[in-house]
Amino acid sequence: MGLTPVTSAPLTVPAPELVTRTVEIPDPGALLSLLPDEASLAWVRHGEGLVGWGEAARFEGDGVNRFAEAERWWNTLTRTAIVRDEVQLPGTGPVAFGSFTFDDAGESVLILPETIVGHRDGRWWVTTVSLNGNLPPWPALPAVSSPRRPGPVTFADGARTGPEWESVVAEAVRRIIAGELEKVVLARDLVAECHSIIDPRWPLHRLSDRYPRCWTFSVDGTLGATPELLVRRERGLVTSRVLAGTIRRTRDDIHDLALAASLARSSKDLEEHEFAVRSVADALAPFCSSMNVPETPFVLHLSNVMHLATDLAGVASGNASSLALAAALHPSAAVGGTPTDTAQAVIREIEGLDRGRYAAPVGWIDSAGDGEWGIALRCAQVDTADPSRMRLFAGCGIVAGSDPAAELAESAAKLVPMRDALNR
Ligand SMILES: C=C(O[C@H]1C=CC=C(C(=O)O)[C@@H]1O)C(=O)O
């Protein structure tokens, strides 16, 4: 379907002639309801955001330079673009959706769709894309089929069973107490097996209905609803929502309020949270002339769990793009640990999991470099060899006071959004 070949960016090849046209449209209905069943791209929160389909151009890359190579590819593509944009908002004009790997191995992608529909502040627009130097066709939204129900789904342990994972957590606690490191985030996976090829729109609709405060995303088979915004850059303002420290919800709202108060006082969770906030504030500092870092977190209520949360805001001092900022922040201590390098080495040594694109930046970038990058959490990755299978992921921050059984229960609670989105 792509108009340009898949590329690992041999950067000397002249960029195709990108022409985009953005026009304002009347309310076309819910963004997710516009998605066709294939190659659906999405970044939606509270009904606003971007969806896209078709593939005009694609970057694939791996290794330690994957972010920088992706950015170079994007800049080369957009630098000489002819952009007709009658809306002029962040996210209008050409936009690429991206999903990166946690580690250097595996394939990261940036995709420029053929069609993008956006909604923000009471305005809707469509962007169409051509790569042959001609003005793209006037946009027409295609009629789409209804999402297909996955049918009965079975779930099985992935890389480790629950008890095996508890021993890994116990080993991490031992190392933390021994002074090797201060915090490490350990993850586990489940394998979901469906009867037919998974239509990503089915879980996406459910996730965005049930978790409206999260960013519901879909990029190249990675999909989920993340509560954590790694970074947003918009017209010189840089923001980030840092999460760490979790408590499970019950079905009793009054009891949950008491639990929220205990989370806000829990020294174990406050310590875990402080590591995550520090890692983001330190990584953003070189890119900001001023920054506001609240001293006390608030409690973010989701329907399955509650988190300690801190919203940071800074003024950009240079023109590092949203993707460059995401690269500088990855992996924050919300998904890696403290100190970062030791935590990553411990993860590689004891976790026993290929994280793929879980816990890594997912989001979008426009031609001005503005964009939003979440951390791919509460998510799943479709198996490319067998698209009726997906891997679901969840991880927990481990500190000296962590209890393996409680962490296993917390990871189960974090798997609920994706499990339910496939099941019901
Ligand atoms: C690593 C995950 O969550 C992170 C984000 C929020 C709270 C976390 C925690 O309390 O452990 C984790 O740091 C995950 O959901 O897979």
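Helices (H or I, at least four residues) and strands (E, at least two) are DSSP runs, numbered from the N terminus. The structure is a predicted model, in which local features need pLDDT of at least 70, side-chain atom pairs count only at pLDDT 80 or more, and totals for chains, interfaces and linings use all residues. Residues are numbered from 1 along each chain as its sequence is written.

A residue is buried if 20 or more other C-beta atoms, placed from the backbone, lie within 10 Å of its own, exposed if 12 or fewer, and partly exposed in between.

| Residue | Phi | Loop |
|---|---|---|
| Asp 121 | about 50 degrees | between β8 (115-120) and β9 (123-130) |
| Asp 220 | about 55 degrees | between β12 (215-219) and β13 (222-226) |

Asp 121 counts as exposed because it has 6 C-beta neighbours inside 10 Å. Asp 220, with 24 other C-beta atoms within 10 Å, is buried.

One runs from His 330 to Pro 331, with omega near -10 degrees, and Pro 331 is found in the loop between α6 and β19 (337-338). The other joins Thr 338 and Pro 339, with omega about -10 degrees; Pro 339 is in the loop between β19 and α7 (340-351).

Helix α1 (residues 66-79) has 14 residues and should span 20 Å at 1.5 Å a residue, which agrees with the 20 Å between its end C-alpha atoms; the expected span is 1.5 Å times one less than the number of residues. Among the buried residues of α1 are Phe 67, Trp 73, Trp 74 and Leu 77.
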